[in-house]
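Subject: Two-chain model for you to look at

Hi,

Here is the model I promised to pass on.

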Amino acid sequence: MIRVESLTKDYLLGSETFRALHTVSFEIPNGMLAAIVGQSGSGKSTLLNILGGLDRPTVGQYWLNGTDVSQLNRDAWAHERNHTLGFVFQSFQLIPTLTAWDNVALPLVYRRIPLKERRLRARQALNDVGLEHRLGHKPAQLSGGQQQRVAIARALIGDPPLLLADEPTGNLDTQTGEEIIALLQNLNQRGHTVVIVTHSPDVAARCRQIIQLRDGRVVSNQISEKSASEVPS
Amino acid sequence: MTWKDSVRIAMAGMWANKLRALLTMLGVIIGVSAVIVLVAIGQGASASVTSRIETLGTNVLFVTPAGGTPFSQNQIAEIQRAVPFPVTAVGIMNTPAKVATLQTTSAAQVIGTDASYIDLGALTMAAGHFLTPTEADQGQHVAVVGANLVASLFNGNSPIGQPIMVMGQQFTVVGVLNPVGQGPGASQDNALFIPMTTAQYLLGTNQLSEIMIKTATPNQADLTDNLLTNWYTNRFGANAVTIASEDQVLQTLQATRATLTELLAGTAAIALIVGGIGIMNIMLVSVTERTREIGIRQALGATREDIVLQFLLEAMAISLTGGVLGIAMGTGLVSLAPLFLKTPVSFSWFAVALAFVFSSAVGLIFGLYPAIKASGLEPIHALRYDG
Ligand SMILES: Nc1ncnc2c1ncn2[C@@H]1O[C@H](COP(=O)(O)OP(=O)(O)OP(=O)(O)O)[C@@H](O)[C@H]1O
Ligand SMILES: [Mg+2]
């Protein structure tokens, strides 16, 4: 599903460059539930943003579903994100002026799917995350956990094979975070490849693959044999 | 993204900031309504002069006296002698007055003149006859009425032979004029023609208001203009009379029209720039405010084109809504114009089309930069923006 080779990311700070990622290489197979862990500032978000095509590596190569996406232009990446990727962010990233219903339907707008079908599928997606009774609510009228569930519904509506979540529980209490992780786990069991950036050892422990970063380098990459549902990429 | 969705998102964007959008539109609204009103006034003015020229032809001169210049009926014969070719010269005495029938009263323009007035070609008869030389010579109490007066005083019934009261005297209607229509000629629709001698008697003066001269050709009109200018200067000194030809009126009209066109272009340009800058300003604010939204849309699959279209269409929605409101306001002002403008106005679809084109162009041109700026944002930076 995901293969990166010698990814390096440099940030230019004035006259100095700061290396946030240092020749990072790894693979995440299809159907995997993977965690990226590491201390604050170790480069987890930087890595996930590159995996999502939101940011670009300074050097290195990236294969997504077997195709080299290192050289894709912006609009090709937009297409890729729309069809292949679903995002869940720590800060939810919902559009405040839109209702939950419209927020969830947004990815389908960029797939040129007609309004009626979008509405239908968005309602179903909200139903799947247990929010069918909050269709008309704006993000500000929802709790943090509800907002994150809306975001997950949005990530799911286009049925993308890969879900990227950057600290999805970071802004939630333990109980609510638990529910969100359960939701993501459930999605993984239904065949989605899920990559979670997390600080929580509990969350990481529930993932079959754990990639650990330190100062921009991969210091460990383990796959446990807990489950057999995984399909090699 | 489909076109339908682009339009939907643009409208929603405008709607989310209704008041701000409305204030932004103000420049466009004012500019567009100014364009519509100016076009209406310009076209109205030219229509009125054109209609007069159509009825009178261009070879007509109007001689009006300056204050203190003796200006009596006798001068008509002298003018005709001073000019080496035959001309029709008609004296006019002009006064507004109330005229009445047994039933009702109306304001009218009472015009004392003689039989040759009809030879100027400005009027045609609907019924009866114009003032005859006999009626004029004998100072009979007869009147020829304009089309509007027939409607207002006689309910549209034939007034021939009916009595009518003018300045305390009873007259008999002997003729009815065809309507002339709009323009200064319209005063003839509200006019009541009586014999010159009768008018002199009623008004107690021999002083004419105007002498109208019609020549056979426009060239002769020019010549007559020069001859009479000299003749009056010799007799009464410089500037004793003003001589205006239809030709001059035409030139004035063309000059006025040119001025109006320049004014129009100026107003349109100001509307374009002021309205456009306002829209550009607000769209830049909007792009900044919605940086995160742009990042989210990009993360979910919006291409550069999608983002450009979203903001460009929003700018156009603002300017077009302003254009439509401006058209409504301009049209409203045009229909109210007769209440406080003496000059006639004429509404034109051309101005509406012009306004429409202007306002969409404004949105397009001034919305382009903010839209391109929005589409150029890096998704990662846009998502992290906290504003
Ligand atoms: N735009 C940027 N410009 C300069 N430096 C940056 C930028 N973004 C990130 N960095 C640096 O890169 C390093 C990695 O940042 P990153 O956000 O990936 O860390 P992280 O592992 O996600 O940390 P956290 O757990 O706190 O979210 C940090 O030291 C950070 O200061
Ligand atoms: Mg992070």
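How many positive and negative side chains does chain B have, and how far apart do the centres of the two sets lie? Chain B has 17 positive and 21 negative side chains, with 15 Å between the centres of the two sets. Lys and Arg count as positive here and Asp and Glu as negative, while His and the chain ends are not counted. Each charge is placed at NZ of Lys, CZ of Arg, CG of Asp or CD of Glu. For chain A the tally is 24 positive and 22 negative, and those centres lie 7 Å apart.

Some housekeeping before the rest. This is a predicted model, so local features need pLDDT of at least 70 and side-chain atom pairs count only at pLDDT 80 or more, whereas totals for chains, interfaces and linings use all residues. Residues are numbered from 1 along each chain as its sequence is written, chains are lettered from A and ligands numbered from 1 in the order in which they are written, and side-chain values use heavy atoms, with hydrogens and water left out.

The two chains overall

Chain A has 7 helices and 10 strands; these are DSSP runs numbered from the N terminus, with helices being H or I of at least four residues and strands E of at least two. Its radius of gyration is 17 Å, close to the 17 Å that the globule rule gives for 233 residues, so chain A is as compact as a globular protein of that length. That radius is taken over C-alpha atoms, and the rule is 2.2 Å times the number of residues to the power 0.38. The C-alpha trace of chain A spans about 45 × 40 × 35 Å along its principal axes.

Chain B has 13 helices and 10 strands. With a radius of gyration of 31 Å, well over the 21 Å that the globule rule gives for 387 residues, chain B is more spread out than a compact globule. Its C-alpha trace spans about 100 × 50 × 30 Å along the principal axes.

As for burial, 52% of the 233 residues in chain A are buried, and 48% of the 387 in chain B. Buried means under 20% relative accessible area, exposed over 50%, and partly exposed in between (1.4 Å probe, protein chains only). Taking contacts (heavy atoms within 4.5 Å) with a separation of 6 or more, residues 24 or more positions apart account for 68% in chain A and 80% in chain B.

Spots to click on

Start with Asp75(A), in helix α2 (residues 74-84) of chain A. Asp75(A) is partly exposed at 26% relative accessible area, and it touches Thr303(B) and Arg304(B), leaving out residues up to four places away in sequence. Asn73(A) caps the N-terminal end of this helix, with a side-chain oxygen 3.1 Å from the backbone nitrogen of Asp75(A). The buried residues of α2(A) include Trp77(A), Glu80(A) and Arg81(A).

Over in chain B, Ser360(B) is in helix α12 (residues 349-375). Ser360(B) counts as buried at 18% relative accessibility. A polar atom of its side chain lies 2.8 Å from the backbone oxygen of Phe356(B). Setting aside neighbours within four places in sequence, Ser360(B) is in contact with Met316(B), Ser319(B) and Leu320(B).

Then there is Thr88(B), in strand β2 (residues 88-100) of chain B and partly exposed at 23%. Beyond four places in sequence, its contacts include Gln80(B), Ser116(B), Asp119(B) and Met212(B). Thr88(B) and Gly161(B) are 73 residues apart in sequence and 29 Å apart in space, C-alpha to C-alpha.

Two backbone angles to check

Most residues other than glycine have a negative phi. Asn65(A) has a positive one, near 55°. Asn65(A) is in the loop between β4 (59-64) and β5 (67-68) of chain A and is partly exposed, with a relative accessible area of 43%.

Met167(B) also has a positive phi, about 50°, although it is not a glycine. Met167(B) lies in the loop between β6 (163-166) and β7 (169-177) of chain B, and its relative accessible area of 34% makes it partly exposed.

Cheers

Note on methods: Polar contact = N/O pair within 3.5 Å; in protein donor to acceptor, adjacent residues only side chain to side chain.
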